[in-house]
Amino acid sequence: VSYFVSYYDFYRPESYKVVGDVFLDKVSQVNEDIDRLRHQATRALLERKDALVVGSVSCIYGLGMPSTYINMAFDIARHDHFPEKKPLAYRL
């Protein structure tokens, strides 16, 4: 069972106040722990036949194409070596 809900601890969409002619920018704060759970849920859907995901429609809507997610992934095995000029984060 995986958990896929909004990863925002705080979210205020952009808005316009007619009184005072004021435009307010979007303000948000992402919860990194929930973001990891979202990636775990996506991975489970792509790799397992017995995946069950608890989520909200608004979050799943913005997930994107599964092929994009799959193309960003790669396997790492024990004793694999990576050139120092091309660190792991660069490959992502």
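In which strand does Ser2 lie? Ser2 sits in strand S1, residues 2-4, where strands (E, at least two residues) and helices (H or I, at least four) are DSSP runs numbered from the N terminus. The model is a predicted one, so to speak of local features a pLDDT of at least 70 is needed, side-chain atom pairs count only at pLDDT 80 or more, and totals for chains, interfaces and linings use all residues. Residues are numbered from 1 along each chain as its sequence is written, and side-chain values use heavy atoms, with hydrogens and water left out.

Overall, the protein has four helices and six strands. Read from the N terminus, the order of elements is β-β-β-β-β-α-β-α-α-α. Of the 92 residues, 12% are buried, with buried meaning under 20% relative accessible area, exposed over 50%, and partly exposed in between (1.4 Å probe, protein chains only).

With neighbours within four places in sequence set aside, the contacts of Ser2 are Gln40, Ala41, Ala44, Leu52, Val53 and Val54. Two of these names, Leu52 and Val54, turn up again in a nonpolar surface patch along with Val1, Tyr3 and Leu37, and together the patch residues have about 490 Å² of accessible area. Patches here take residues with over 30% relative accessible area and no salt bridge, joining like charges within 9 Å and nonpolar side chains (Val, Leu, Ile, Met, Phe, Trp, Tyr) within 5 Å. Leu37 is a helix H1 residue, and it is classed as partly exposed because its relative accessibility is 32%.

On to the charged pairs. Side chains of opposite charge can pair when their charged atoms come close. Three salt bridges are present, each being a side-chain nitrogen of Lys or Arg within 4 Å of a carboxyl oxygen of Asp or Glu. Asp33 and Arg36 form one of them, at 2.2 Å from N to O. These two are about one helical turn apart, because Asp33 and Arg36 are three residues apart in helix H1 (residues 32-47). Asp33 has 49% relative accessibility and so is partly exposed. Another bridge links Arg43 to Glu47, with an N to O distance of 3.0 Å; both residues belong to helix H1 and are four residues apart, about one turn of the helix. Glu47 is exposed, since its relative accessible area is 54%. In the bridge between Arg48 and Asp50, the closest N and O atoms are 2.9 Å apart, and both of these residues are exposed.

Finally, a look at S3 and what follows. Lys17 is part of strand S3 (residues 15-17) and, at 48% relative accessibility, is therefore partly exposed. Leaving out residues up to four places away in sequence, Lys17 touches Val22 and Leu24. Asp21 is found in the loop between S3 and strand S4 (22-24). The phi of Asp21 is near 50°, a positive value in a residue other than glycine. With 56% relative accessibility, Asp21 counts as exposed.

Methods. Areas by Shrake-Rupley, 256 points an atom, 1.4 Å probe, with all protein chains shown as cover. Contact = heavy atoms within 4.5 Å.
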